[in-house]
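Me: I have a structure open and I'd like to learn how to read it. Could you walk me through it?

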Amino acid sequence: MSILGQEAVTRRRYGAGSTSSTGGWTEGSSTDTTIQVSFQPASYDDLQTLSEGERHRDARKGYTYTELRVVDNAAGTKADEVVVGGVVYEVRSVARERSVLP
């Protein structure tokens, strides 16, 4: 099944980071995977969910069948990143829809 307007992009997923014996933080390694996403401009309502300082950034909404993850501080993992045309977008929220129109 496909989603209207989908394109191949890169999903960058990070493993768990760790704290060294001296207290420094080491980021987890990343793995890149090609996924299919349909990107749409963020609506006014979408932008209102962002914090004040982030509303002026380039925000997009993406539709995909692929699992995406947000930051998990308890597990020590960063949010997934989606790379589109060389621009890196951090996944900020995920909503599950029952169906996506083809």
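Me: Leaving aside neighbours within four places in sequence, which residues is G62 in contact with?

Reply: Before we start, keep in mind that this is a predicted model. As for G62, its contacts beyond those neighbours are V37, S38 and F39. You'll find G62 itself in strand β5.

Me: Is G62 buried, exposed or partly exposed?

Reply: Partly exposed, because its relative accessibility is 39%, and that class lies between under 20% for buried and over 50% for exposed.

Me: How many bridges join β1 to β4?

Reply: There are 8 of them, and the two strands run antiparallel, β4 being residues 30-41. To see the pairing for yourself, look for A8, which stands opposite Q36 in β4.

Me: What about β6 and β7, how many bridges do they pair over?

Reply: They pair over 4 bridges, again in the antiparallel sense, with β6 at residues 81-84 and β7 at residues 87-90. Across that pair, E81 stands opposite E90 in β7. The hairpin has 2 residues between its strands, and G85 there takes a positive phi near 55°.

Me: Which side chain does R12 join through a polar contact?

Reply: That's D32, with the two side chains 2.9 Å apart at the contact. R12 belongs to strand β1, residues 7-14. Not counting residues up to four places away in sequence, R12 also touches others, including S30, D80 and V88.

Me: And which residues make up the largest nonpolar core?

Reply: In soluble globular proteins, nonpolar side chains tend to be buried together. Here the largest such core has 8 residues: V9, I35, V37, L68, V82, V84, Y89 and V91. The elements giving two or more residues to this core are β4 and β6.

Technical notes. Residues are numbered from 1 along each chain as its sequence is written. This is a predicted model: local features need pLDDT of at least 70, side-chain atom pairs count only at pLDDT 80 or more; totals for chains, interfaces and linings use all residues. Side-chain values use heavy atoms; hydrogens and water are left out. Two strands pair if DSSP finds at least two bridges between them. A polar contact is a pair of N or O atoms within 3.5 Å; within protein, one must be able to donate a hydrogen and the other to accept it, and residues adjacent in sequence count only if both atoms are side-chain atoms. Contact means heavy atoms within 4.5 Å. A nonpolar core is a set of buried Ala, Val, Leu, Ile, Met, Phe, Trp, Tyr and Cys residues joined through side-chain atoms within 4.5 Å. Buried means under 20% relative accessible area, exposed over 50%, partly exposed in between (1.4 Å probe, protein chains only).
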